[in-house]
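Please look at the sequence and the three-dimensional model together.

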Amino acid sequence: MPTDSERRIPSDDRYDRIVCATCAWFLIGLFADGWSHYHDVRESFFTPYHAILYSGFFANVLAIGIPLVRNVRAGYDWRRAVPPGYALSAVGIAIFTVGVLPDMLWHRIFGIEEGIDVLISPTHLFLGVGMALILTGPLRAALARSPAPDTLEEQAPALISLALFLAMLEFALQFAYDSGIVASEAPVRALGGDASPLAFYLLPFTYYKQAFGIAIIIIHAALFSGFSLYAARKFALKTGGLTLLLGLASLLMSSLLSSGPLVAYVRVAESVVTGIVADSLIGWLKPSLARPLGFRVLAVAVPTVQYALMFLIAQLVLGGVWWNQNLALGSIFYAGIVGLLLSFLVVPSTAQRTQE
């Protein structure tokens, strides 16, 4: 018989849904604060956007802290006083709590960040570690459950948790989110046959802008393909799983960065269609450790479809693309290769497993 300190609170589907909701509230607060830096900048720590962010944090404090304190008082070890997977969420709450005061002091001393530095401020990165541990609580809970979640309804908290974590990473990389392929973002006539001195001096900038755009595609190909592979590897995904994962993350990022509703809808549509294709491939190929080819195809298809759609829709709806066919097709190829290489890290080949 286990002693009082060895007892563990069992898994609870209802609790997973509650924490998933508080995690979403928390991350929406982060995106609301990020949105304010683009549209309603206020040089103060005390803003309504911070209120959404920190009220979401306190919702998680209550959701995790109340059962933790109650069960520790009842004799449980603190690591077992919440359902499996949520002990690290409690650690994340502690990290975030410790980081709030230094963040306020940092702002007081150095001012409110206004550029890319807001994403890589040391105090913000420290807070981000705590937030990541909190957001991934429902995911860890699903991974710890036996038997594993089998229906889409049962898998939804884990997939939403994973989507929130993906959106958080994309938020941190928002300076490298838009590849800048639409015609309106082209350097001033640098590629239009203009022989003026201005065009000549803009030529290096044009090359850097193209190179940065390709790098952005590679970065996000790795994120989308990697997260899709992880979800497919860890769960027997049901139809709609990857659509939920990719669509939710893109909805949050599009709401943050888009310059208008059309662009937001386009970005979400690209990810939803990509998710539908990925879900269809999973249903058709049924990837598993015994059938790694399914993972390879999925890994290539997700970024390839995503960026093929990006170029197609930009050409048809957003006023055209200023990249030539070599850049467009080559960057899509690079995205697929990134996915393929990732698949060998997530799912080794049959020969590799035999040797191991």
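The model is predicted, so local features are given only where pLDDT is at least 70 and side-chain atom pairs only at pLDDT 80 or more, while totals for chains, interfaces and linings use all residues. Residues are numbered from 1 along each chain as its sequence is written, and side-chain values use heavy atoms, with hydrogens and water left out.

The chain contains 13 helices and zero strands. Here helices (H or I, at least four residues) and strands (E, at least two) are DSSP runs, numbered from the N terminus. Of the 356 residues in the chain, 49% are buried. A residue is called buried under 20% relative accessible area, exposed over 50%, and partly exposed in between, with a 1.4 Å probe and protein chains only. Two residues are in contact when heavy atoms lie within 4.5 Å. Among contacts in the chain with a separation of 6 or more, 79% join residues 24 or more positions apart.

Consider next a pair of helices. Two packed helices are described by the angle between their axes and the distance between the axes. The axes of helix H2 (residues 48–73) and helix H3 (residues 87–110) come within 10 Å and cross at roughly 140 degrees. Axes are lines fitted to C-alpha atoms, for helices over the stretch in contact, and angles run from 0 to 180 degrees between N-to-C directions. H2 and H3 are therefore oblique to each other; angles under 35 degrees count as roughly parallel, over 145 as roughly antiparallel, 65 to 115 as roughly perpendicular, and the rest as oblique. On the H2 side, the contact includes Tyr54, Phe57 and Ile64, and on the H3 side it includes Ile93, Phe96 and Asp103. The contact residues divide into nine nonpolar, three polar and one charged. In this grouping, Ala, Val, Leu, Ile, Met, Phe, Trp, Tyr, Cys and Pro are nonpolar, Asp, Glu, Lys and Arg are charged, and the others, Gly among them, are polar.

How many residues of H6 are buried? Six of its eight residues are, and the helix is mostly covered. The buried residues of H6 are Gly137, Pro138, Leu139, Arg140, Ala141 and Ala142. In H5, the buried residues include Thr123, Leu127 and Met131.

Leu119 is found in helix H4 (residues 117–120) and is buried, with a relative accessible area of 11%. Leaving out residues up to four places away in sequence, Leu119 touches Leu125, Phe171, Ala172, Gln174 and Phe175. Its C-alpha atom is separated by 9.7 Å from that of Gly34, 85 residues apart along the chain. Ser250 belongs to helix H9 (residues 241–257) and is buried, with a relative accessible area of 2%. Beyond its neighbours within four places in sequence, Ser250 is in contact with Phe224, Arg267, Val268 and Ser271.

Finally, two loops deserve attention. Most residues other than glycine have a negative phi, and most peptide bonds are trans. Ser146 and Pro147 are joined by a cis peptide bond, with omega about 0 degrees, and Pro147 is placed in the loop between helix H6 (137–144) and helix H7 (152–172). Lys286 is not a glycine, yet has a positive phi of about 45 degrees. Lys286 lies in the loop between helix H10 (261–285) and helix H11 (293–316), and is exposed, with a relative accessible area of 51%.
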